Amino acid sequence: MATPTIDKDAMSNLSFVLNKAGDVTFEERPKPSIPDPNSVLVAVNYTGICGSDVHYWVDGAIGSFVVQAPMVLGHESAGTVVEVGSAVKGLKPGDRVALEPGYPCRRCSFCRGGKYNLCPDIVFAATPPHHGTLTGLWAAPADFCYKLPDTVSLQEGALIEPLAVAVHVVKQAQIQPGQSVVVMGAGPVGILCAAVAKAYGATKVVSVDIVQSKLDFAKSFSSTHSYVPQRISPEENARAIRELADLPAGADAVIDASGAEPSIQASLHVVRTGGTFVQGGMGKSEITFPILAMCTKEVTVRGSFRYGAGDYELAIELVRTGRVDVKKLITGVVGFKQAEEAFQKVKAGEAIKILIAGPNETA
C-alpha cells in the first residue's frame, strides 16, 4: 500500500461542536500540536456515531457528565498519522491507525494494576469537559494509536472502538468453547458481543431485542437464535428463551448490552446455576434487581466498562482474520458537513453504523 503524500499545513481542523443540547455547529478550530515526544498527530479519516454521542446531542448530559461548555463530539475513529514525536518508534507519517480515545494517568493503582480503564483521572474523548474526534486533526499518545494491517480499511478501523468494547465484555464473561451465551440487546455493541462470543467458540448465541429487524441482522451476522420479548414477566420471557435455544438448565453466560430493566431482570432467570452475568449496557442508575435469583444460583456478576489492556489488539486481529466482519455493520458513509443528518438517522434507528468522513477526506 503506497504511503500517501501528507501536507498537514494544508489540512482543515473543521470540528463538529455541541454547544448545548440540540445545538451543534461546525467550527474551524486551531490545529493541535504534538504535546510531548511520545505523541503523534493524526488526520481523522472516519468516525462512527456511538449512542453516548447521540445522548449528549439530545440531552446535553449523561448522568453526572454534563456539557457545560462547547464540546467536539465523537470518539469512534480511525485516521492517518501525519506527524510523530521525537521519541515515537512504532509509527511514522502515513501509517493508518485506530484511535483509542481514552488516556489514563498511568500512575494510579488502577493503571499500575493493569486496569487503566478504571483510572479516575482518565481523559476520554467527547466526555465533558474533553473534546472528541469529529475533527480534522487529533493529537494522541502514540501507544493509544494502533497500526492497522494493510488488509484492514480505515472504515473498518473506525469500528475497532465498539468492537473493543465487545471484546472487553466477552472477556468479563469468560466464554469457553462449546458454551452457550444469551445477549440482551441487538444494537451495535450487542451484535458485536454476539460475534465475539462466537469467535471465542460459543456454539449457541441467542440475541434478544424488541426490534425484529435488529434480530434479523444479528442472525445473519453471527447469532444462532433470536427472541423478541413478550409482554409477560421476566421469568416467563426467560423460560421462553431457554426453550427456544434448548437450554433447560440455562445459559452459561448472559450479557446485557441494553441497559433496560426488564432485560436485566430476565437475564438473572436465563443464566444457569453457577453461570456468569455481565452488565455492559448502561441504563437507569437504579433498578429493581432479582437478587434472590443471583444468590440462590450463585451467579457470578460482573460489570464491564469500556476496554482495557489488549482489547484493541484483539479487536484488530478479529477483523484481520475475518472472524468478525465489521464491514457489514456499516449502513453508510456521509461527508463531514452531513454529520448532524447522520446523528438524526442514528437517533431514529435507521442505521446500525453510519460513518462520518473527516473534513480532509476526499474518498
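Trainee: Where is proline 129 found?
Mentor: Proline 129 is in the loop between β10 and β11. Helices (H or I, at least four residues) and strands (E, at least two) are DSSP runs, numbered from the N terminus.

Trainee: What should I know about the model itself?
Mentor: This is a predicted model, where local features need pLDDT of at least 70, side-chain atom pairs count only at pLDDT 80 or more, and totals for chains, interfaces and linings use all residues. Residues are numbered from 1 along each chain as its sequence is written, and side-chain values use heavy atoms, with hydrogens and water left out.

Trainee: Back to the proline. Which form does the peptide bond from proline 128 to proline 129 take, cis or trans?
Mentor: That bond is cis, with omega near 10°.

Trainee: And what is phi for alanine 126?
Mentor: Alanine 126 has a positive phi of about 60°, although it is not a glycine. Alanine 126 also sits in the loop between β10 and β11.

Trainee: Is alanine 126 buried or exposed?
Mentor: Alanine 126 is buried, at 3% relative accessibility. Buried means under 20% relative accessible area, exposed over 50%, and partly exposed in between (1.4 Å probe, protein chains only).

Trainee: What about glutamate 298, buried or exposed?
Mentor: Glutamate 298 is exposed, at 65% relative accessibility. Its phi is near 50°, a positive value in a residue other than glycine. Look for glutamate 298 in the loop between α9 and β18 (300–303).

Trainee: New topic: helices. How many of the 10 residues of helix α8 are buried?
Mentor: Nine of the 10 residues of α8 (residues 261–270) are buried, so α8 is largely enclosed by the rest of the structure. Among the buried ones are Ile264, Leu268 and His269.

Trainee: What do the buried residues of α8 pack against?
Mentor: They pack against β13 (180–184), α7 (234–244), β16 (251–256), β17 (271–279) and α9 (291–296). Contact here means heavy atoms within 4.5 Å.

Trainee: At what angle do the axes of α4 and α10 cross?
Mentor: The axes of α4 (residues 160–173) and α10 (residues 311–320) cross at roughly 110° and come within 8 Å. That makes α4 roughly perpendicular to α10. Axes are lines fitted to C-alpha atoms, for helices over the stretch in contact, and angles run from 0 to 180 degrees between N-to-C directions. Under 35 degrees is roughly parallel, over 145 roughly antiparallel, 65 to 115 roughly perpendicular, and the rest oblique.

Trainee: Which residues make the contact?
Mentor: They include Leu163, Val167 and Lys171 of α4, and Tyr312, Leu314 and Leu318 of α10.

Trainee: Now rings. How many aromatic pairs does a search of the whole structure find?
Mentor: The search finds 10. Rings of Phe, Tyr and Trp (its six-membered ring) pair if their centres lie within 6.5 Å; planes under 30 degrees apart are stacked, over 60 edge-to-face, and the rest tilted.
Mentor: One of the pairs is tryptophan 57 with phenylalanine 343, edge-to-face, 5.6 Å centre to centre and 75° between the planes. Tryptophan 57 is in helix α1 (residues 51–59) and phenylalanine 343 in helix α11 (residues 339–347), 286 residues apart. Both are buried.

Trainee: Which residues form one aromatic cluster?
Mentor: Phe16, Phe26, Trp57, Phe336 and Phe343.
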